[in-house]
Amino acid sequence: MVLPLILLSLFTSLSLSTEFTAALAALSPNQTLADAASGTLVSADESFELGFFSPPNSGNRYVGIWFKQVSLQTPIWVANKDNPVTDTSGVLTISPTGDIIITSNQTNLIWSSNSTMLSASPVLQLLDTGNLVVVNSNTGSYSWQSFDHPCDTLVPGMKLGWDISKNQEWYLTSWNSLQDPSTGDYTYRVDPRGLPQLVLRQGSTISYRSGPWDGVRFGGGPPLKENTVFSPNFVYNTTFVYYSFVNIEDTIISRFVVNQTGLIEQLTWNQGSGKWVDIVTLQGDSCDTYDLCGPYAICNINKIPICHCMDGFVPKVPVEWNRLDWTGGCVAKTELNCSVAAGFRRFSRLKLPDTSYFLVNRTEISGVNCEEACLKNCSCMGFAQTDISGCVVWSGELLDMREYYEGGQDLYVRLAASELEYAIDGLFSMKSDVFSFGVLVLEIVSGKKNRGFYHPDHDLNLLGHAWKLWNEGKPMNLADALMESPVPTPEVVKCIQMALLCVQDRPEDRPLMSAILLMLDSENAILPPPKQPGFYTVRVTPETDSSSTGIYPPVSNEVTISTLHGR
């Protein structure tokens with residue numbers, strides 16, 4: 001109750017203040033700007049103007065800032081957007097302590113800046129940038145500025161993001177309609193968690209996501225086409241995380257806006273046509289709809305249908321998926337189990353998944369260490385590397401991915417080792433079946449499973465164990481001790497050699513099934529020496545145990561992920 005009483009007491013003396021009808025450069029506490037007198041504030045270079053206005057087809061009155069050189073009145077900021085004056089009795093003034101105040105009928109408080117910083121000798125001034133400031137006329141410092149309270153529009157000099165040191169956020173909020181500047185349904189904000197990204201929400205629901213900042217652009221998509229209007233800028237350090245832009249020439253008039261329908265546009269004023277021209281619309285196509293395809297699915301606007309499961313994944317609800325209802329997304333063909341071998345498949349030219357769940361290690365980290373860090377965490381589903389963050393690791397479902405025709409980033413997704421064999425351009429291959437057959441033969445000969453295989457002398461799996469024994473000239477040590485006597489040694493050795501040929505690292509080195517049949521059917525077949533197998537993995541014993549069971553997945557012996565991807 002104290003503040004309204006103080007404010008009302010100020011207006012009992014309004015008759016003693018000077019009312020201006022002409023345009024002012026600044027407003028002092030002993031001056032008023034009255035709607036009835038058509039008074040305005042104008043920036044020194046006459047780029048911007050502040051005053052009372054009504055939106056199209058509306059009788060309500062608002063205090064706003066607009067481009068003075070644009071014939072179509074276009075407000076960039078509205079003070080009392082949620083509480084209009086219903087007639088022309090509105091008056092704008094600044095208090096002796098620096099509060100900006102709007103009243104109607106001399107006594108009704110409509111809006112106040114509620115500045116938390118008191119200002120001595122305050123003056124209200126509209127800068128050439130369009131920033132309305134309360135300035136201390138003695139020191140020149142600002143106690144309040146409109147750029148700290150954006151509405152639906154960004155102009156050069158404004159920021160969209162965070163001052164982390166002050167926990168201060170700048171974000172855009174749409175108008176309710178073209179006739180109503182009150183708080184609308186859409187907000188556009190910087191999400192600073194992990195790698196920063198820009199997120200559009202309708203209420204609390206995400207409707208669009210830019211994708212993370214990769215040091216060059218958001219989302220890693222195709223580069224913006226060169227334009228002669230504006231240059232974007234993004235600041236990302238320990239103090240600030242924000243987006244801004246500058247006009248390429250001082251004579252250009254442009255704005256970045258979130259309109260009442262949630263469309264995000266960069267517009268420039270064409271003086272010749274007397275119209276705003278759309279330069280960039282961020283929501284370019286259906287694939288920009290947030291999480292359109294569901295978890296573990298990728299949207300590609302150039303494919304029909306546009307949604308497809310990632311290699312190694314299948315539709316969660318096939319019936320709905322076939323009806324083009326993709327909300328259920330996809331699930332892994334083989335459920336991941338932290339006690340079995342796993343690896344990574346590379347997916348290229350992607351908008352990386354939603355960053356809400358991932359962690360960033362901003363120290364230098366190699367690709368191998370990034371892979372190992374992900375494998376040690378049972379909840380880790382993938383990783384990527386960017387120039388500004390090093391290793392980026394995702395936990396939980398991978399959401400809102402799209403594939404670009406150019407640009408994009410590499411994402412490494414975790415699968416069970418067997419799925420990496422099958423995930424070759426989304427198709428099952430004959431050579432993948434050969435690999436699986438070789439594993440099966442080794443399991444039959446040894447009487448042991450490849451998954452969960454343990455040997456006290458080393459950390460290799462069954463494939464690695466068989467390869468070790470073969471190189472040591474002791475292949476029969478692999479044979480099951482319970483095999484019936486007499487053991488047919490030549491046949492067992494031939495089966496082991498044939499199986500090792502089947503599980504060779506490079507698919508082109510593996511024999512065809514027709515050749516395998518000849519090997520098995522011929523008593524005098526001459527088999528070539530096998531080469532190193534693929535996916536013979538080692539177990540990792542970390543110094544710290546981050547899981548409840550203490551069981552960690554094996555780590556691939558591959559030193560580069562690209563080798564896994566090439567299969």
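**Stop 1: Salt bridges**

The structure contains 13 salt bridges. It is a predicted model. Side chains of opposite charge can pair when their charged atoms come close.

Select Glu 49 and Lys 68 to begin. Their side chains meet in a salt bridge, with 3.7 Å from N to O. Because Glu 49 belongs to strand β6 (residues 48-53) and Lys 68 to the loop between β7 (62-67) and β8 (75-78), this pair ties together parts that are 19 residues apart in sequence. Is Glu 49 buried or exposed? Its relative accessible area is 14%, so Glu 49 is buried. Lys 68, at 32% relative accessibility, counts as partly exposed.

Next, select Lys 351 and Asp 400. These residues form a salt bridge in which the closest N and O atoms are 3.2 Å apart. The pair links distant parts of the chain: Lys 351 is in strand β31 (residues 342-351), while Asp 400 is in the loop between β34 (390-395) and β35 (401-403), 49 residues apart. Both Lys 351 and Asp 400 are buried.

Now display Lys 468 and Glu 472. Here the closest N and O atoms of the salt bridge are 2.6 Å apart. Lys 468 has a relative accessible area of 32% and is partly exposed; Glu 472, at 37% relative accessibility, also counts as partly exposed.

Salt bridges that share partners join Arg 209, Lys 351 and Asp 400 into one network.

**Stop 2**

In β21, Arg 209 is the bridge partner of Val 199. Select strand β20 (residues 197-202) together with β21: the two pair in the antiparallel sense over 5 bridges.

**Stop 2: Strand β23 and its partners**

Select strand β23 next. Of its 8 residues, 6 are buried, so that the strand is mostly covered. Strand β16 (residues 160-163) runs antiparallel to β23 and is joined to it by 4 bridges. Within this pairing, Trp 162 stands opposite Val 241.

Val 241 in β23 is the bridge partner of Tyr 236. With 3 residues between them, β22 and β23 form a hairpin.

**Stop 3: Aromatic rings**

The count of aromatic pairs comes to 17. Select Trp 170 and Tyr 242, an edge-to-face pair with 6.2 Å centre to centre and 85° between the planes. The pair links distant parts of the chain, since Trp 170 is in strand β17 (residues 168-170) and Tyr 242 in strand β23 (residues 240-247), 72 residues apart. Both Trp 170 and Tyr 242 are buried.

Move on to Tyr 243 and Phe 256. Their rings form a tilted pair, 5.8 Å centre to centre with 50° between the planes. Tyr 243 lies in strand β23 and Phe 256 in strand β24 (residues 254-258), so the pair ties together parts that are 13 residues apart in sequence. Tyr 243 counts as buried at 9% relative accessibility, and Phe 256 counts as buried at 5%.

Then look for charges over rings. Lys 159 lies over the face of Trp 170, at 5.6 Å from the ring centre. The charged end of Arg 255 sits over the ring of Trp 276, 4.3 Å from its centre. Trp 276 also belongs to a cluster, in which ring pairs link it with Phe 48, Phe 67 and Trp 269.

**Stop 4: Strand β9**

Select strand β9 (residues 91-94). In a regular strand the side chains alternate between the two faces of the sheet. Both faces of β9 are covered: Val 91 and Thr 93 on one side, and Leu 92 and Ile 94 on the other, are all buried.

Strand β4 (residues 31-34) and β9 pair in the antiparallel sense over 3 bridges, and Ala 34 stands opposite Val 91. Strand β10 (residues 100-104) also runs antiparallel to β9, joined by 4 bridges, and Leu 92 stands opposite Ile 102 in β10. To finish, select Gly 98: in the hairpin of β9 and β10, which has 5 residues between the strands, Gly 98 takes a positive phi near 105°.

Note on methods: Residues numbered from 1 in each chain as written. Predicted model: local features only at pLDDT ≥ 70, side-chain atom pairs only at ≥ 80, totals over all residues. Heavy atoms only, no water. Pairing = 2+ DSSP bridges. Phe/Tyr/Trp six-rings, centres within 6.5 Å; stacked < 30°, edge-to-face > 60°. Buried < 20%, exposed > 50% of the residue type's maximum accessible area, 1.4 Å probe, protein only. Lys NZ or Arg CZ within 6 Å of the ring centre and 35° of its normal. Salt bridge = Lys/Arg side-chain N within 4 Å of Asp/Glu carboxyl O.
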